[in-house]
Amino acid sequence: RRVQLKRLAEQPSVTADGQHLELAANIGSIEDLDKVLENGADGVGLFRTEFLYMGRNSFPTEEEQFQIYKHVLEKLDGKRVVIRTLDIGGDKELPYLELPKESNPFLGLRALRLCLKREDLFRTQLRALLRASVHGKLNIMFPMIAVLSELREAKRILEEERAKLEQEGVQVSGSIEVGMMIEIPAAAIGADIFAKEVDFFSIGTNDLIQYTMAADRMNESVAYLYQPYHPSILRLVNMVIRAAERAGIWAGMCGEMAGDQTAIPLLLGMGLDEFSMSAGSILPARELVGQLSKPEWAALAEEALAMSTQEEVQQFVKQRRPQ
Ligand code: PEP
Ligand code: MG
C-alpha cells in the first residue's frame, strides 16, 4: 500500500469527478521541507513562523528571516507558499519577550494582537517576507483576527513597508496574496465582512474548535468537547466557505481537521479549495479524494449539517466514504 501511495506523489490532486484541489503541507521549519517534497505537496498552506523565534535568546534578524523565507520559496519552486506572521502567545512563549503574566493567555495578547502592539517585531518580519517574495509564490497570512480594524491595520503596515522597500530600490513581488486565518468564531460568523478585504481565508480549526466549544485544546479533562465534526463546527466552516465563494476568493483550511479522513469528504462537499496538513497525511488524502465525487458529497454534507451530534456525523461519513 505504501508503494501504491508513493506513486501518487507525482499525481495531481483530483476528485473522482475531475475537480482539482490543492493538498498542501503545514511546516514549522526548513527541516520539514524534504518530507513536503517527498510527499508531493501541491504547496505549503501554513508555515508557522513562530518556530523561528523559539529555542533561542533573541529575536531573529530581518536577514536571518529573509534567508529562511527565500529558501522555502525556492524549494517550492513556484508552488504556493502561505507564510503566517508570528503567532506567539497562548501556549507558545518566548523567554526573551517580556510580557505581563495573563490569567487567560489563549484569550490574551497573542499573535497579531501582539504584533500590532510590538510593531517593531512585526515590521521586521514583514520586510523579510516582502524581500523574499520575488523568489517564489508568496502568500502572507495574518493569524487570530477578530475584527476588521486588526486586518486593516496589518495591511496598512504591510503596505508601508512595501513602499519603503521600493523607495530603497528593493524589488518586491507585485502578486503577493494577503489573507487571514479564520480561527475565532467572530471571524467565522462575520466571514462575509472580511472576505471583501482579503485574497483568501485559511480556517484554523485547532483554535476555532477550542474557542467555539470553550474547551482548551490541551486540556484532557474537557477533551470530550473538542469535536471537529460537531454540526456547530461544520456550520461555521460552511459559512466561511460560502462567504469566500460569494466574494470570489479561495478558502483553505490549515487546522488538523484538513488532513482528517472523516472530515475530508465533508469539506470537499462544502467546497473547500485547499487542504493543508502534515506532510505525512497528503498521500492518503490524495488517494481518498480521488475516490470521492464532489456533487455527491455536496449533497451528503448538506445532510450532515442538519444533524444533531458529532457521533451521528461520524457514523454517517464512515458508512458512506470508500473504505
Ligand atoms: C489552528 O489554530 O488551527 C492553526 C492552524 O494554528 P495553530 O495550530 O498554530 O494555532
Ligand atoms: Mg491557531
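## Ground rules

Helices (H or I, at least four residues) and strands (E, at least two) are DSSP runs, numbered from the N terminus. What you see here is a predicted model, in which local features need pLDDT of at least 70, side-chain atom pairs count only at pLDDT 80 or more, and totals for chains, interfaces and linings use all residues. Residues are numbered from 1 along each chain as its sequence is written, while chains are lettered from A and ligands numbered from 1 in the order in which they are written.

## The overall picture

The C-alpha trace spans about 55 × 45 × 35 Å along its principal axes.

How much of the chain is buried? The share is 43% of the 323 residues. A residue is buried if 20 or more other C-beta atoms lie within 10 Å of its own, exposed if 12 or fewer, and partly exposed in between, with C-beta atoms placed from the backbone. Now for contacts, meaning pairs of residues whose C-beta atoms, placed from the backbone, lie within 7 Å. Among those between residues at least 6 apart in sequence, 70% join residues at least 24 apart.

## The annotated coiled coil

UniProt, in an unreviewed entry, places a "coiled-coil region" at residues 144–171. UniProt positions follow the numbering used here, feature names are shortened, and annotations may be inferred rather than shown by experiment. In the model, that stretch is 71% helix and 0% strand, and its end C-alpha atoms are 29 Å apart.

## Around ligand 1

Which residues are around ligand 1? They are Leu46, Arg48, Asp87, Glu183, Gly204, Thr205, Asn206, Asp207, Cys254 and Gly255, where a residue counts as near if its C-beta atom, placed from the backbone, lies within 6 Å of the molecule. Two elements give two or more residues to this shell, strand 2 (43–48) and helix 10 (205–213). Helix 10 gives the most, with 3 residues. By class, the shell has 2 nonpolar residues (from Ala, Val, Leu, Ile, Met, Phe, Trp, Tyr, Cys and Pro), 4 charged ones (Asp, Glu, Lys and Arg) and 4 polar ones (the others, Gly among them).

Arg48, one of the shell residues, lies in strand 2. Arg48 counts as partly exposed, with 19 C-beta neighbours inside 10 Å. Leaving aside residues up to four places away in sequence, Arg48 touches Gly28, Arg84 and Asp87.

## One face of helix 13

Helix 13 covers residues 282–289, and its Ile282, Leu283, Ala285, Arg286 and Val289 are buried. Seen down the helix axis, the buried residues fall within an arc of 160 degrees (taken from the directions from the axis to the C-beta atoms), so they line one face of the helix. They pack against helix 1 (2–7), strand 1 (22–27), helix 12 (263–270) and strand 8 (274–277).

## Two positive phi values

Most residues other than glycine have a negative phi. Asp77, in the loop between helix 4 (62–76) and strand 3 (80–84), has a phi near 50 degrees. Ala111 has a positive phi of about 55 degrees, and lies in the loop between strand 3 and helix 5 (112–117).

Buried or exposed, what are Asp77 and Ala111? Asp77 is exposed, with 9 other C-beta atoms within 10 Å, whereas Ala111 counts as buried, with 25 C-beta neighbours inside 10 Å.

Definitions and conventions:
Contact = placed C-beta atoms within 7 Å.
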